[in-house]
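Subject: Structure handover

Hello,

The structure for the handover is below. My notes on it follow.

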Amino acid sequence: MADGSTDPNDHGLLASPHASSLGLTAEKIGEGRATISIPYDERLIGDPDTGVVHGGVLTTMLDNASGIAVRYHPDSDVGAAIATLDLRIDYMRGARPGETLYAEAHCYKRTRNVAFVRGVAYETDRDDPIATSTAAFMLGTRNTPRP
């Protein structure tokens, strides 16, 4: 990445089969911020009458962007595990059919055990959001299954 961070498209949150099958792509990562995108795809339509993308796709985008923002916060260990504790999504309108979707997140506060994130989903104008989010992530969770 241009900012010197590791490319999250090669590993981590966007390497999951779920994120991969949706087509999530990192646009900009670093310094506690993340922007990801997903191209419009008819497989993701939630309402066949309108062509609007399913709300679960937006939730997935905002959760992934938020997790990446936590992972790439300056005080974070990139390899440490994290877990979503709380994710609130406020849906404001349907996404416009045919448009690429973006989710941008900012990890604005990190404590020893919890990180706090705000996010926004949009098409072309961040100031005309489809949805916004607030999230909390637990830091330092287990990376391996328990015996």
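What pLDDT does the chain average, and what share of the residues score at least 70? The chain averages a pLDDT of 88, and 86% of the residues score at least 70; pLDDT is the predictor's confidence in each residue, from 0 to 100. This is a predicted model, so local features were taken at pLDDT of at least 70 and side-chain atom pairs at pLDDT 80 or more, while totals for chains, interfaces and linings use all residues. Residues are numbered from 1 along each chain as its sequence is written, and side-chain values use heavy atoms, with hydrogens and water left out.

Overall layout

The chain has two helices and eight strands. Both kinds of element are DSSP runs, numbered from the N terminus: helices are H or I with at least four residues, strands are E with at least two. Read from the N terminus, the order is α-β-β-β-β-α-β-β-β-β. The chain has 147 residues, of which 39% count as buried. Buried means under 20% relative accessible area, exposed means over 50%, and partly exposed lies in between (1.4 Å probe, protein chains only). Of the contacts between residues at least 6 apart in sequence, 61% join residues at least 24 apart.

Strand S1 (residues 25-30) and strand S2 (residues 33-38) pair in the antiparallel sense over five bridges; two strands pair if DSSP finds at least two bridges between them. Gly 30 has Arg 33 in S2 as its bridge partner. Two residues lie between the strands of this hairpin. Glu 31 lies in the loop between S1 and S2 and has a positive phi of about 55° although it is not a glycine. With a relative accessible area of 61%, Glu 31 is exposed.

Helix H2

Helix H2 covers residues 55-71. Its 17 residues should span 24 Å at 1.5 Å a residue, and the end C-alpha atoms are 24 Å apart, which agrees; the expected span is 1.5 Å times one less than the number of residues. H2 is mostly covered, with 13 of its 17 residues buried. Arg 71 is in this helix and counts as buried at 13% relative accessibility. The side chain of Arg 71 reaches the backbone oxygen of Ala 80 at 3.1 Å.

Cys 107

Cys 107 is in strand S6 (residues 101-110) and is buried, with a relative accessible area of 3%. Cys 107 and Gly 67 are 40 residues apart in sequence, and their C-alpha atoms are 8.7 Å apart.

The aromatic pair

A search of the whole structure finds one aromatic pair. Tyr 102 and Tyr 122 form this pair, which is stacked at 5.7 Å centre to centre with 20° between the planes. Rings of Phe, Tyr and Trp (its six-membered ring) pair if their centres lie within 6.5 Å; planes under 30 degrees apart count as stacked, over 60 as edge-to-face and the rest as tilted. The pair links distant parts of the chain, with Tyr 102 in strand S6 and Tyr 122 in strand S7 (residues 114-122), 20 residues apart. Tyr 102 is partly exposed, with a relative accessible area of 26%, whereas Tyr 122 counts as buried at 10%.

Glu 123

Is Glu 123 buried or exposed? Glu 123 is buried, with a relative accessible area of 1%. Its place is in the loop between S7 and strand S8 (131-141). A polar contact of 2.5 Å joins the side chains of Glu 123 and Arg 93. A polar contact is a pair of N or O atoms within 3.5 Å; within protein, one must be able to donate a hydrogen and the other to accept it, and residues adjacent in sequence count only if both atoms are side-chain atoms. The backbone nitrogen of Arg 96 lies 2.6 Å from a polar atom of the Glu 123 side chain. Not counting residues up to four places away in sequence, Glu 123 also touches others, among them Gly 94, Thr 100, Tyr 102 and Ile 130. Glu 123 and Leu 101 are 22 residues apart in sequence and 4.8 Å apart in space, C-alpha to C-alpha.

Regards

Terms used: Contact means heavy atoms within 4.5 Å.
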